[in-house]
Structures are given as C-alpha cells and as structure tokens.
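Please read this report with the sequence and the structure side by side.

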Amino acid sequence: MRRQFCAFYNLPTEWASRGLQTSDQCSSYPHQYGHLSSCSTWHFWASVILLCLLYPVSTAAAIFRVGVVGPWSCDLLFAKSYPSAAARLAVSRINQDPSLYPGVTFDYVILEEDCETSRALSHFLGYYVQASAFVGPVNPGYCDTASLLGKSWNKTVFSWSCIGHELDARDSHPTFFHTMPLPTIVLMHLMRHFRWARVGIVSSDNDIWVETASKVANALRSHGMPVGIVASIGKDVASIRKTLAKVKRIENLRLVVLCMHSILIGGKDQQMLLEMAHDMRMTDGSMVFVPYDTLLYSLPYQNLSQYILPNNSKLQHAYDAVLTITVESPEQQSFYQAYTEAQTSGEIPKNIKPHQVSPLFGTIYSSIMFIAHAMQSLRASGQWMSGDNLAKHAHNLTFKGFSHPIRTSHSGLSLLDYVVLDTDGLSWELRPCYRIEMETDMVHFLGQSIHFPGSGPPKTDSSCWFTQGIICGGGVDPFHLIIFFGCVFLLIFSFVASVYFIRRRLNQIQLVRGPNKILLTLADVTFINPSLSNKKMSLEESKTSDARKSISERSHNSPFSSQSPATYENSNVAIYEGDWAWLKRLPHGNFRSINPSTTDVFELMKDMRHENVNPFLGFFHDCGVFAIVTEYCSRGSLEDLLHNDDVKLDWMFKSSLLMDLIKGMKYLHHRNVCHGRLKSRNCLVDGRFVLKVTDYGYNEVLESQRFLYVEPQPYELLWTAPEILRSSFPGLKGSLAGDIYSFSIIMQEVVVRGPPFCMLEQSAQEIVQKVKKPPPLCRPTVSPDHAPLECIQLMKQCWNEQPERRPTFDEIFDKFKNINKGKKTNIIDSMLRMLEQYSSNLEELIRERTEELEVEKQKTEKLLTQMLPPSVAEALKLGSTVKPEYFDSVTVYFSDIVGFTTISANSEPIEVVDLLNDLYTLFDAIISNHDVYKVETIGDAYMVASGLPVPNGNRHSAEIANMALDILSGVGTFKMRHMPDVPVRIRIGLHTGPCVAGVVGLIMPRYCLFGDTVNTASRMESTGMPYRIHVHSSTVKILMALNAGYKVQLRGRLELKGKGMEETYWLIGRDGFTKPLPVPPELKSGLMAHGLQMEEIAAYKRRKAEKELAKKNN
C-alpha cells in the first residue's frame, strides 16, 4: 500500500542509507550496496529496521512525480502553454542529466484546475496522492489553502502566480516556494521609479483573474499604495464601457493594472478594453496601462508582431499608452529560439509552431527544473527528503531555465531581470526602455525613452508614498483631516454610548420580563406553610449565634404557629414555576434599584449549571424582602445530615458527599468564581443524596449593592482561611485558596461527623484567634481510624498555612479518585456494598441474588428487543452505530380510535391510560402471530410495518392484511372498563411502498420509518371509516398477485392530501377467514367519520351524573 505522505513512490537506496547515519564515528555507507563496514550491531539492526519501513514494496528506482496544476481545459489561452509538452521536455532533460539523481526517475502528471475558485479547491483536495510535489496553482485565490494542504501532506508547492508575502513565512507555509519574483514587487519598482502611487486594477470576469486582481490590490495596499478601484469587465461592450467609466471617475489615477490575458498572446478582453479606452479618450497619456500576465513569463518581443498582433491602427494607438513588463531573456536565446532548438533536437513535436505556443510554456518548464535542482541541493546536504526540506533547499540555486538563466538568493528570492517595453503608437515594435534588476532593486535606463501619447507622461505623486515609516496624506489638508477624524470619533463615541444605554435598558427589561427574568415578586411565587417543610426559619433566628441548631430545632423554636397561613413574613419556602424554592434573605438595606454590577452578578449566577451546584432561580424583591431564590433541597444542609444520628454514614457514603462537593467547587473555580462563604451549612443535599453547593455570589451581591459590612459571629468564621481572617473585613471577600481551606474544614466535619474543631474543646472565639495568629498552628486533630490515611494527608495539604501551597480542586479531584482506587463514589454503590457485607456469609442468598440478577438481565434484554429490532438492539449493545437502511417494498399499517378526543374528555386520565393499555395489549397479542414489526404508538395511533427490518419478499402485504383483519375482529368485541356500553371503533389504513428505517436519537433511541410510504399510510387511515380497513391500490395489487383469496371492495377515487386523486379499496375479508368482523356504522347525513355520535355517550354521561349526585347525597 502506497504511503500517502511520502514524497517519493519508492525511496532511493542511497538516500535511505544517508538518513541512517548517526553522530557516532561509523564508517560510511556505500551507496551502491547499502551495507555497513564497521558500525556496531545496534546501528546495523536500526538501519535494517528503518530501511524496511522506508521501502514500501521494493528497492526499485524511486519515481518522483510532479503535478502541474492549472486551468488547462477551461481556459484556451492557458491551454496554449501546452503544459504536457513543457513538463515532458523538462522531465526528459532531468532524467537524461547524469548530475541529477542517479536512481531517481522524474515523472509528471497534468492536473486540471477549474476556472471557478471553489471547484478548483475541491479538485485540488483530491490530488494529494497523485503527485510528489506540485507546480501551481495558477489561481491565487486558493494559494494559501493549497500551501496549507501541502504542509499537511508534506509535499512542496512551487508556484509562479501566487501573490502575498505571507506565503513566504516559513513557520506557517514551510512547504511553499515562489519560482518567480512576486509580480507586485516588480510593479512596486516601476511605480517607485516613476513615482506613480495611485493605481487602479481591472480584471476580466474569469474567477482566476478576479482573484488575481483582489490579491494584487491587497499586496499593493500592504505596501501603502492607494488602490483607487478594483473592478472587472464582462464580455460585452456595455460592461467594458461601464467599468472604464468608473475608472475614469477616479481622480489622479496614474496606473491601471490589467489582470487578463495580454493582447500580445491573443487576449481578446484586453483588446476590447483598450479599444474602448481609446474611444473614451483614456489613452491620452494621463494614465498608463500595464498588463499583468506578461510578468509571469518571458515574452519574445524581438519578433512578436509578425505572428500575433492584428493590423489595427486604433489598437496600435491605444497600445501606445501601455507599458509591457516581462522577464528578460538573452538576445540570442528568446523563447521562440529555445522552442525551435527543442523542436530541432526532436524533444518537442514539430507540428506546433512557436508562435502558436504561449510563453507560459517556459515558466512551467523552469518551475519543474526548479524542483529538480532543489532536490539536488537537498540530496547534497544529506538531509531527509520532505516537503519543507525541499522548499528550504531551493535557495542559492543557479541553473538554466527554458530561455533565460535562473538564480535564487540565500533567502530564496528569485533574482530574475525584467524589461520594460514600449511602442510608439505607429507600429507594433516593442522596444526595451528600462531594465528592472531584482538582485539590486534598481531600475536602469536602456537608452530608449518611453513614448507617452498626447499629454503624457502621467503626473507624479508625492514621494512620501514610497517612504517607509511615513503616513502619506495624499494631498489632503491636515486641518480638514483632523476635523474629519474628530467627527468620526464623535460619531463612534455617540454610537457606543447609545448602544451602552440601549443595552442597559434591555437588561433592565429582561430582569422583570420574559422567560429568563431574574427579578421576582409576589406575583411570581407562592409561599408555603412552614409546617409542610423542614426547611424554614425566620430572618431573626438566622441571625442568632446558635448556628449549630438543626433544621428541626429551628422549626420547633419558630415564633409562628405551624397552622398560621404562609406569607413572605414567616416562610422561606415558596413555589416558583411549579417547583419548591428556597429564599435566602439578605440583610435589610437600600434596594430601591438594582445596580448594573448587581445585574451582571445575577446573570453570572443564572448561567451556573452543574449537577453539584444549586441553581440560582432569581432574586425576590417585594414588600421590603430581599432574597436570593434557589432550588429547594429536601434533605437540608450537609450540617443537618451530619447531625442526624438516624442516618448511617459509612466511608463510601461520606466519600460520595465529598466527591460531590469537589465536583461542584471544581466547576465554580473553572468559571473563575470564588465562593467565599463555603461551609457545611451552604452545602445542601437533595432527595437523591446529591450534594449541591449554594450561596455562591452572595458576597458579590452585598458588595455591588453597597450593604454595610456586619462582622460575622466567631462560629461563622471557623471555616475561614487564616489569611482572610487577618484582613480588615474578614468574611467579606474570599479567594480560590480560601475556598480550599474551607473545604478542608468541611472534610474534617464529614470524616469525624462533628462540628469544626470539635476535638479541641475550646470556644469558637478562641479557635478563631489561634488560627488568625499562629504560632502555634491551630488545626483540627483527626484520628487515622476515621478515614484512609491518604484522605487525612489531603486534608492537611488543603489547610496549609501558605495559600500557594494548597492544591487546586483539579488536583484534589485526581487525588480523591486515587483514594477510592478509581471506584465511583455514589450513594447507591455504598448501599450495595453494605448489603454485600451483611450477606457475605450467606452463600445461598448470594446464589439466589445472582439468579435473580440473571433473570432481570434476561427481562431487560427481552424488553430491549421488544422496543427495538433484535439486530438493532445487538448493534447498540455492542456500541456500534446503526446505519439507516433502505427497503424497496414494505407495507405500513396505521390505526386510531374514532372519537378518542371525545372519550378522553369524558374520562379520567387513569381511565384513558387503562383504555389504551387494554387495547394495545390486545393488539400486541394479535401481532405476535404475524410476521410484522410494531414501530410505535403515539396516543391512540398504532403503527405496524412488515417487510422490515428483515425483508420477507412479497409476504409483507399479506401479513399486514391478515393482522388488520384479526385486529378488526378483536376490536369488535372489545369493551372499555369504564364505558362498557360505548363502542370502541377504529379506522385502519394500509399502504405499500419503499421507505428508509433507522435508529434516531441517543437517549431513548427509536427505530423509526421515513418516506412517502409512511405519510400515505397515515393519509389512508385518516381518510378511512370506522370499522373499515382502507387499502391503497399499491397494496391491493400485491394482494391480488398472491391469489390468496383476499376480498376487496372498490371505494373509488379519493383525494389524498399532498397526493392528489388516488384509487382506494376496502379490505372486507379473505377466503378461510371465519372470525366475525364488526359492522361499520351508518353515518347520518352531514356527519364525519372522525368522532363518536353524541347519543352514543349520552347514556354514559347520564349514569356518571347519577353516580356523582349519589355521592354528594351520601
């Protein structure tokens, strides 16, 4: 199998041996034999292993394939460069050159580039296995993406047309190399020499040239040039005139770059543009036109006119305003001469004349030669062959191109010379006027002045445009410029201020309105009598110093009676949006308005969502009560749980609570939220024994609303870190390290199941003073008998005197998992372990439990196979994905209960459930006798299909038809428990056709059917009649083809929603089917078949009313 990212198809032996050399003093590897002469055994085996890895199949000569990428099919003028002939000539000369790669064979492949940029990129994505390196692309629009792909593929991209100095960044584009100087740099030399700064760019409407124009504009702007316009022309005269009119309206334009095929190689767009410019008096010398594409090749200007240029006097006059810049070739070695020599030597077919070939031929040839000489340099360096190494060794090269010598500098810049050509407006003779030397960055006069038409040459611009480090105003009055920027600043400031006030107003509106409102009032909550909840206490009692009292004690000492009505004055428990909520009251203060900073705190608290963080529901502000509303936890706080002796806590139970606390605090710290008030009273436990952290953001609310600081009671400070106790206002602000300390004190409470510092037998005030002012260091003392030694060590690390030495909650989480040896620490597991301990000596009981477990497992598997097809269930159990499957022909059954809405309206919910359960139990018993699959039930709708998930040929229609007859027969004798006199009628619809079946969803996955067949079957049911089986013609055709004696009755043509007029039938029986079928009711005129007749349930209503009246009288 070929390696995808290897630059060679087979690696040469001598390169492989070089790559195996080490820094040890070993003797050299002979290139021809590839064996060791005096290296150690270790080096020998390492070499053997690496050589085996590097040789995919054999040790045959390596093939290096160059992919020539370009629009060779979609653009005729690009096709005139004959890339295949150019690549074949270059590869032939490379392979015949003995100094280049003995044992390496060059090859080429022509890769098509679409003229549309997006398609060109999609095509390029498929070329990664077709070539070892790339010459191209021609379209600059996706050069950066192609370079990044080359980096990913470890293949070098050599391009002559890509623009942008960012491609030269080795860090981002290590496998990219320019084979020619950047055309924009050449243009900059010309513009700097003549001081023409104001430039416009016009392109043809081809994507390649449009992208080129955009890239040229960006490059010139990066050099500080004022690009006045970037436009494109269409194929019609009106479009060209419109574009030139826009160019003409640009003031002080000196230079227009034409991004299109040059007229000198047959470009018709440029010819039409220049002729139109001449008609619009734009070729009078006030601006200069410069063809862009001639910068990409060496134009044979010495004898060009006799072949291509038209005998057109208007065009000759227009071309007098054009300066042509092209790569300079030696006088005796122009492109035509080089091409003729290759034909003479038999290297190129002679059927194509030189003037029929675009000079881009030579650029393609030279680019491939570039790769060969770069590889020679890389080979000489002894480095590994890779895409970035190949690009890196394309520096300091000197070799002969197709028609001109090629050199690169030590930094990789191509050092070609360019010549500026001009005409006199009377003939097509192109005369060299200036030479642009890229090595010296100089422009030399060649003795022939440029002939500018009419009022030329164009005026010069300020030299500041070409001076680095200077911002050029371009002739704008500085005073006006200052005024302009001042106005812009005022507008921006006004806009920002308006946005700020509007956003603030919207935030205020969102506080009290909408589904996510935060500010709550009495209209939003309903207070509950405290006797219904253990979670209650008065505001006055919450301020008492007896903080160790449990919830039950607080409730007992509450000043109000349990029989008194619940109000905001005597209850902290309320119902909000249907759930119980707890109100954490704030001290009395000035709360007439909520500050913007407080709103930010509320929004932050609202965004907190974690299973171990008690969610913030809103802020209650009404009747002088200010309270934070959070979710109600039925089991109280962790402090209450620890003080409740009725709850037995083993180590797994305790570790589960601690792990919940660690997860909650880890989440808060990841959100960069400091709790500041962490204590066991602020850790709540819900009904599932899940611990949730609460009271986060409390201090921030007090601070943002500027509440007066009230010094906490000493007992409240037992969880506070020593560095916070030493601050001016202890307990006002917390820190992340302070939360770690508070966690360690909670660990002590959980481990010993006692209050903080309970073993010291000192008052809270004394303990706080000792913690605040060591030595000696005052910390709780925990015996190793209470918890694992690792847990006690972790606790001591968390209450370290130096905050920076305390572990983070991430580290605590990892260490605590190791303490439990990776076991999940939840309450259910803890209870199961206790049960196992109690039954450790009862082997018989264990065996029975195992058998029960096996039975339950079988029940679970049976239930799973009842919910999903067995094949699908097995795939899901194995963790594999279930791909959707297409079925050519299946039959789908739909049925529903006639008048179900009326029955439901006159029944209790439990009665409706009993009705559906009884009916579906009957249906399920029937379908078990047929080769069908129950898809789903939705309300009173029942859906069954046959022919899937296991196809059964043409039997699916018969299976569904037989099942439908059985179901209809069974419904005829079915009675509702609560309405035995009210008939239960169903409508049935059948349809046959193709469909797609697959598993949808991750939670409660369902095996669902999709397709028009399902919709049509549903339409058949909805347009059916009570006690009738409505069958589509597609199903009838199959039933009749089976010759099984099915009896159908033509209903006629019926309009189905979304389907038009369809011919449908009633299925009324089958030969040999002896079960009784219910008689369809007769519908009175004007009545629909979708409901019960009111007289049918009148008796039921009358009896129900009599029963209710009897109950009231009793």
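G687 is found in the loop between strand 22 (683-685) and strand 23 (691-693). Helices (H or I, at least four residues) and strands (E, at least two) are DSSP runs, numbered from the N terminus. The model is predicted, so local features need pLDDT of at least 70 and side-chain atom pairs count only at pLDDT 80 or more, while totals for chains, interfaces and linings use all residues. Residues are numbered from 1 along each chain as its sequence is written, and side-chain values use heavy atoms, with hydrogens and water left out.

G687 has a relative accessibility of 37%, so this residue counts as partly exposed. Buried means under 20% relative accessible area, exposed means over 50%, and partly exposed lies in between (1.4 Å probe, protein chains only). Which residues does G687 contact, leaving aside its neighbours within four places in sequence? They are S634 and R635, where contact means heavy atoms within 4.5 Å. G687 and S634 are 53 residues apart along the chain, and their C-alpha atoms are separated by 5.6 Å.

The protein chain as a whole has 35 helices and 31 strands. It has 1114 residues, of which 50% count as buried. Among the contacts in the protein chain with a separation of 6 or more, 70% are between residues 24 or more positions apart.

Five strands make up an open sheet with parallel pairing, in the order 2-1-3-4-5. Two strands pair if DSSP finds at least two bridges between them. Strand 2 (104-112) and strand 5 (176-178) are at the edges and have a single partner strand each, so one side of each is left without a neighbour in the sheet. On average, neighbouring strands of this sheet are turned by 20° against each other, direction ignored.

Strand 1 is joined to strand 2 by nine bridges, and the two run parallel. In this pairing F64 stands opposite F106 in strand 2. Strand 1 (residues 62-70) also pairs with strand 3 (residues 133-135), in the parallel sense, over three bridges. There G67 stands opposite F134 in strand 3. Strand 1 is mostly covered, with seven of its nine residues buried.

Helix 4 (residues 83-96) lies across strand 1 and strand 2 and runs at about 170° to strand 2. Axes are lines fitted to C-alpha atoms, for helices over the stretch in contact, and angles run from 0 to 180 degrees between N-to-C directions.

**Helix 12**

Which residues of helix 12 are buried? They are F335, Y336, A338, Y339, A342 and Q343. These residues cover an arc of only 165° around the axis, which puts them on the same side of helix 12; the arc is that of the directions from the helix axis to the C-beta atoms. The buried residues of helix 12 pack against helix 4 and helix 13. Just after helix 12, G346 has a positive phi of about 80°.

**Aromatic rings**

Rings of Phe, Tyr and Trp (its six-membered ring) pair if their centres lie within 6.5 Å; planes under 30 degrees apart count as stacked, over 60 as edge-to-face and the rest as tilted. By this rule there are 38 aromatic pairs. Two of them are listed here.

| Pair | Centre to centre | Angle between planes | Type |
|---|---|---|---|
| F124 and W153 | 5.6 Å | 20° | stacked |
| Y339 and F361 | 5.4 Å | 80° | edge-to-face |

F124 lies in helix 5 (residues 117-125) and W153 in helix 6 (residues 143-153), so this pair ties together parts that are 29 residues apart in sequence. F124 and W153 are both buried. They also belong to one aromatic cluster, formed by F124, Y127, Y128, F134, Y142 and W153.

The other pair links Y339 in helix 12 (residues 335-344) to F361 in helix 13 (residues 360-381), 22 residues apart. Y339 is buried, with a relative accessible area of 2%, and F361 is buried, with a value of 0%.

**A hairpin**

Strand 27 (residues 986-1000) and strand 28 (residues 1006-1010) run antiparallel and are joined by five bridges. V1000 stands opposite R1006 in strand 28. The two strands form a hairpin with five residues between them, and G1001 in the turn has a positive phi of about 95°.
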